[in-house]
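Please read the numbered points alongside the coordinates.

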Amino acid sequence: MPTAFITGITGQDGAYLSRFLLHKGYRVIGLMRRSASSDVVGERLRWLGVVDHVELVDGNLTDITSLIRILEQYRPEEIYNLAAQSFVAASWQQPLLTGNVTGIGCVNLLEAVRIVLPSARFYQASSSEMFGKIQAERQSETTPFYPRSPYAAAKLYAHWMTVNYRESFGLHASSGILFNHESPLRGIEFVTRKVTDGVARIKLGLATELALGNMNAQRDWGHAADYVEAMWRMLQQDAADDYVIATGRTVPIHEFCRLAFAHAGLDYKDHVVSRQDLHRPAEVDVLLGDAAKAHRQLGWQAGVALEQLVAEMVEADLARYQKKLQHG
Ligand code: NDP
Ligand code: GDR
């Protein structure tokens, strides 16, 4: 039974990746940072029915000693670095923490791998945010980067350090440049989930209005369950490499709103307002990925259409609130 180690296991992707790897027969070890609310930290793993099948170990990406200890103890064949301060908007308020966790944290793990377990295969969760102010209409592995936030700058550092450790030390280190991917387990602060949560509250009479920021930004949105499979496929290749993972379709935020409200029989124009204070200091206006290399080399392509994703997310949020209302 191969062993996988996942940082960020309690996040959206960590939960889907855990389920995927468990189905493949892996032993799954997850890094969990200490929290005073540890009873709710495993919520996503619980939702997918896998919380009792993964092994959660204490540690922190900012503490290399915890990473070394875990690698020595469990000796995983595959390591997935998904942990990050991942909310772009918060990265302007906490640029140093974002740099420490999202940037240097990756290098802590790369160093731990180099020292303890250089034969392990390593995955870095890179991001389409690195393209920022886009330098090509469709972004691929060869498109130059132009980060527009402290988050994107930190991810870019981690991305290049992953490439550097591959080239300098021969580590099997791959970087997945993933475009936005969503699910019912998406954090509530991200725009898709904020919208589907808002639809549910408005539909059930708990609210009348939803305040958003820039409605004209465009994103290439896929489903997290599809995207975690691409991570695994990267680590099954003989040689490590970098891959863009995307659907190849981009739509504006207002179109996501239209679809989500329409799914519940509502018109978003009756409820959504755009507030200036929710706009970002610098915006990534449009992202559109070209995943041809992943299709060619990994045999991967996105399976879930946006309409299907929106429907699943709205239904899940309606069910959450209906359950809450029933139980007082
Ligand atoms: P989430 O925000 O849902 O999860 C982030 C995870 O990182 C959580 O498990 C969190 O733990 C953990 N974490 C944060 N800080 C630390 C720390 N100091 N030490 C250990 N763990 C920590 O992110 P997603 O699942 O959406 O994304 C996974 C990764 O992929 C992230 O790196 C993200 O930046 C990147 N990415 C995501 C994309 C997307 O569209 N979802 C697209 C491209 C890249 P806790 O539960 O305790 O907060
Ligand atoms: P993003 O996701 O920044 O692309 O990063 P987010 O959903 O936060 O924003 C997408 C776009 O929507 C606009 N927007 C709003 N965003 C939020 N969160 N809340 C609002 O009210 C709102 N109104 C408009 C934003 O300005 C932006 O243009 C996500 C994260 O998962 C990163 O970790 C990951 O790397 C990238 O996707 C790819």
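1. The second largest pocket lies between domain 1 (3–182 + 221–245) and domain 2 (191–219 + 250–287 + 305–326), because both give residues to its lining. The domain bounds come from an automatic or database domain assignment. A pocket here is an open set of points on a 1 Å grid over the protein atoms alone, where a 1.4 Å probe fits, with protein on both sides within 12 Å along at least five of seven lines; lining residues have an atom within 4 Å of a point.

2. This is a predicted model, in which local features need pLDDT of at least 70 and side-chain atom pairs count only at pLDDT 80 or more, while totals for chains, interfaces and linings use all residues. Residues are numbered from 1 along each chain as its sequence is written, chains are lettered from A and ligands numbered from 1 in the order in which they are written, and side-chain values use heavy atoms, with hydrogens and water left out.

3. The second largest pocket holds about 440 Å³ of space, a volume being the space filled by probe spheres set on the grid points, which are joined across faces, edges and corners. Of its 17 lining residues, Glu 43, Trp 47, Arg 193, Arg 320 and Lys 324 lie nearest the centre. Two or more lining residues come from each of α3 (43–47), α7 (191–203) and α11 (306–326), and α11 supplies the largest share, 7 residues. Helices (H or I, at least four residues) and strands (E, at least two) are DSSP runs, numbered from the N terminus.

4. By class, that lining comprises 7 nonpolar, 1 polar and 9 charged residues. Ala, Val, Leu, Ile, Met, Phe, Trp, Tyr, Cys and Pro count as nonpolar, Asp, Glu, Lys and Arg as charged, and the others, Gly among them, as polar.

5. Ligand 1 is surrounded by 25 residues, the closest being Thr 10, Arg 33, Asn 60, Ser 86 and Tyr 151; a residue is near if one of its heavy atoms lies within 4 Å. A polar side-chain atom of Asn 60 is 2.8 Å from a nitrogen atom of ligand 1, and one of Lys 155 is 2.8 Å from an oxygen atom of the ligand. The protein buries 88% of the 920 Å² that ligand 1 exposes when taken alone (Shrake-Rupley method, 1.4 Å probe). β5 gives the most to this shell, with 3 residues.

6. Around ligand 2 there are 21 residues, with Ser 86, Ser 127, Tyr 151, Arg 280 and Glu 283 closest. A polar side-chain atom of Ser 127 lies 2.5 Å from an oxygen atom of ligand 2. Backbone N or O atoms lie 2.9 Å from a ligand nitrogen atom at Glu 189 and 2.8 Å from a ligand nitrogen atom at Gly 213. Of the 700 Å² of accessible area that ligand 2 has on its own, the protein covers 94%.

7. The shell around ligand 2 has 8 nonpolar, 6 polar and 7 charged residues. Domain 1 and domain 2 each give at least three residues to this shell.

Conventions:
Polar contact = N/O pair within 3.5 Å; in protein donor to acceptor, adjacent residues only side chain to side chain.
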